[in-house]
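Dear colleague,

Please read them alongside the coordinates.

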Amino acid sequence: MSGSPVGHEASASPHWIELAVAAPAEAEETVAAALAACGTLGAWTVPGLVRAYFPDTAVAVLPVFDAAWREVAGESCPYPLTTRRLPSVDWLAAWRESVRPIQVTPQLWVAPPGAPPGREAMTPGAAVIWIEPGQGFGTGSHPTTQALLRWLDREPGFDRVLDVGTGSGVLALTAIARGAGEAIGIDIDPWAVMNAARNRTLNDGGRRLALVQGPLDAVAPRARFDCVVANLDRVSLGRLLPDLTVRCADGGRVGMAGAVVGDRERLLGTAARSGLALLDESTDRDAGGPPDGLDNISEWWSAWLTPDR
Ligand code: SAH
């Protein structure tokens, strides 16, 4: 099954509208919610200022944003708002354009929507997961994402999937493309959820993906999933593994990534104590050298496990 890049307006105009919201850190979630409601294509934030990007269409960004803010906060936006028109050579556009389709398996590609360079190499008939390069991690280029994508590709047809730290939504959307009945993507980062919401509109079956912003506790504790995937950092993985196991149905799968080879023994110990047995594992080198900030460690370690009960 392959999706089509529905509603991809960005390539239609050579310009962007940049909206700057001079909002304090405590208002960041409201800013993100209002932006999500009015269709920004990406945003970045520094203390006290959020900049968001919109396609340059006839629609005036300021009143649209203010209406979205009213909907979210019940009042007009109290923070200074400015807009300016930017040429397409701004950094966001340049980065977005640098993202190329990636082949994960013979039958699975992850690609930015539109007509990116390199598209002609894509295998006819392969599944394509369309991911808008945005604030959500997960364009498909990272070895940790790819390890989990390979397993999801190899074992299609899960009923219910839980994707913890969904980022761009790439794992959940892949599970859906591989026949999953429904998926929940959860992320503590509102910007990631916003990006995942955008990607949900780009992919067939996207309506089968429910998105939740918050920690794992925000998902009903009694809900059971036959596949739980989590691409997180090495510390969070150790901490959350028992809870991920509880949420996995008997005979299901728990996929984890984001740890490095040096974490293997510790995490396998935690997994065993949680009642998980190892089915498969993967060590993957970063294309660009060691993972950032981890000097002596050069390989990511990912695992595919099943409840041992
Ligand atoms: N699933 C995507 C993105 C992984 S990046 C992929 O595989 O490519 C990790 C994501 O997890 C980030 O978006 C981050 O905001 C989120 N995250 C980190 N800790 C989390 C936690 N405790 N609960 C939920 N989300 C978390």
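Phe158 and Trp304 are both buried, where buried means under 20% relative accessible area, exposed over 50% and partly exposed in between, with a 1.4 Å probe and protein chains only. This is a predicted model, in which local features need pLDDT of at least 70 and side-chain atom pairs count only at pLDDT 80 or more, while totals for chains, interfaces and linings use all residues. Residues are numbered from 1 along each chain as its sequence is written, and side-chain values use heavy atoms, with hydrogens and water left out.

Rings of Phe, Tyr and Trp (the six-membered ring of Trp) are taken to pair if their centres lie within 6.5 Å, and planes under 30 degrees apart count as stacked, over 60 as edge-to-face and the rest as tilted. By this rule there are four aromatic pairs. One of them is the stacked pair of Trp151 and Trp304, at 5.5 Å centre to centre with 10° between the planes. Trp151 lies in helix 4 (residues 143-154) and Trp304 in strand 14 (residues 299-307), so this pair ties together parts that are 153 residues apart in sequence; helices (H or I, at least four residues) and strands (E, at least two) are DSSP runs, numbered from the N terminus. Trp151 counts as buried at 4% relative accessibility, and Trp304 is buried at 0%.

Phe158 and Trp304 form an edge-to-face pair, 6.5 Å centre to centre with 65° between the planes. Phe158 sits in the loop between helix 4 and strand 8 (160-164), 146 residues from Trp304.

Elsewhere, ring pairs link Phe65, Trp69 and Tyr79 into a cluster.
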